[in-house]
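Subject: Structure for you to look at

Hello,

Please find the structure below.

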Amino acid sequence: MQGWFDRRARLWAAAAAIGGIVLLVGTKLVEDPGSGVKDVLLELVESLPVIITSVGLAILFQVTQRQHEDQMALIRDLDVARVHGQRWRAEARLLIDGLGKAMDEQFARWSLTQAERDVALLLLKGLSLKEIATVRATNERTVRSQARALYSKAGLSGRAAQSAFFLEDLLAPAADADRVPLGDADAAERRRTTIQ
């Protein structure tokens with residue numbers, strides 16, 4: 001759109017300049033039919049700055065008008081995007097809060113300590129044991145021990161099984177009517193046997 005606008009403005013400016021020159025020459029010849037080409041050219045040269053300035057102002061006005069229209073369109077688009085973003089965040093917040101609550105309930109069923117819960121969440125976020133140790137200001141051996149305790153209490157074989165336990169239902173198609181909600185003990189047992 002911008003390239004089309006630039007080309008249109010240049011064509012308009014050229015037409016205005018040529019039209020101004022033709023009008024000036026025509027006016028001069030009508031006013032003084034006896035004037036020579038030299039007088040007309042001299043008059044034209046003297047009037048050229050006025051013509052160029054007028055054309056420049058017209059182009060500037062047109063460009064300013066277009067920029068204002070573009071700015072208003074961007075503001076409208078931004079307002080629409082802001083409304084959609086707020087709606088998405090509100091909807092996602094409910095889902096994230098629900099997932100967090102379900103995970104806390106599952107951690108309680110597994111009887112995890114607060115340290116094991118923290119390690120479980122950080123493992124789900126994809127941090128390495130070394131990174132978890134740094135975040136929790138402890139050593140890697142402690143984190144490894146807490147992860148093993150977590151897997152033992154949950155009856156999971158490791159990090160991949162833990163991720164699958166919580167994320168399997170999020171990634172699966174919703175068409176399965178026989179799916180059991182996250183946290184159901186029978187579903188947990190099916191997941192464990194499926195994973196192993």
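Before the notes, one definition: a residue is called buried when its relative accessible area is under 20%, exposed when it is over 50%, and partly exposed in between, using a 1.4 Å probe and protein chains only. By that scale Thr-142, with a relative accessible area of 30%, is partly exposed.

This is a predicted model, in which local features need pLDDT of at least 70 and side-chain atom pairs count only at pLDDT 80 or more, while totals for chains, interfaces and linings use all residues. Residues are numbered from 1 along each chain as its sequence is written, and side-chain values use heavy atoms, with hydrogens and water left out.

**Overview**

The protein chain has seven helices and zero strands. Here helices (H or I, at least four residues) and strands (E, at least two) are DSSP runs, numbered from the N terminus. Read from that end, the order is α-α-α-α-α-α-α. Of the 196 residues in the protein chain, 25% are buried. The accessible surface comes to about 13400 Å², and carbon and sulfur atoms hold 62% of it. Such areas come from the Shrake-Rupley method with a 1.4 Å probe; for residues, only the protein chains shown count as cover.

A contact means heavy atoms within 4.5 Å. Among contacts in the protein chain with a separation of 6 or more, 54% are between residues 24 or more positions apart.

**The core**

A nonpolar core is a set of buried Ala, Val, Leu, Ile, Met, Phe, Trp, Tyr and Cys residues joined through side-chain atoms within 4.5 Å. The largest one has 21 residues, and those with the most contacts inside it are Phe-107, Trp-110, Leu-123, Ile-132 and Leu-150. Two or more residues of this core come from each of α2, α3 (114-124), α4, α5 and α6. The largest share, five residues, is given by α5. In soluble globular proteins, nonpolar side chains tend to be buried together.

Leaving out residues up to four places away in sequence, Phe-107 touches Leu-112, Arg-117, Ala-120, Leu-121 and Phe-166.

Helix α5 covers residues 140-154, and its 15 residues should span 21 Å at 1.5 Å a residue; the end C-alpha atoms are 21 Å apart, which agrees. The expected span is 1.5 Å times one less than the number of residues.

Which residues of α5 are buried? They are Val-143, Gln-146, Ala-147, Leu-150, Tyr-151 and Ala-154. Seen down the axis of α5, these fall within an arc of 135°, so they line one face of the helix. The arc is that of the directions from the helix axis to the C-beta atoms. On the face turned away from the buried side are the exposed residues Arg-141, Arg-148 and Ser-152.

The N-terminal end of α5 is capped by Asn-139, with a side-chain oxygen 3.1 Å from the backbone nitrogen of Arg-141. After α5 comes Gly-155, whose phi is positive, near 70°. Thr-142 also lies in α5; its C-alpha is 9.4 Å from that of Leu-129, 13 residues apart in sequence.

Helix α4 (residues 129-136) has the buried residues Leu-129, Ile-132 and Ala-133. Down the axis of α4 they fall within an arc of 100°, so they line one face of that helix. The face of α4 turned away from its buried side carries the exposed residues Lys-130, Thr-134 and Val-135.

**Two loop residues**

Most residues other than glycine have a negative phi, and most peptide bonds are trans. Ala-137 has a positive phi near 55° and lies in the loop between α4 and α5. Ala-137 counts as exposed because its relative accessibility is 71%. Ser-111 has a positive phi near 60° and lies in the loop between α2 and α3.

**Two more positions**

Ile-52 is in helix α2 (residues 37-109). Is Ile-52 buried or exposed? Its relative accessible area is 55%, so Ile-52 is exposed.

Ser-163, in helix α6 (residues 159-171), counts as buried because its relative accessibility is 19%. Ser-163 touches Leu-124 and Glu-168, again not counting residues up to four places away in sequence.

Regards

Notes
Polar contact = N/O pair within 3.5 Å; in protein donor to acceptor, adjacent residues only side chain to side chain.
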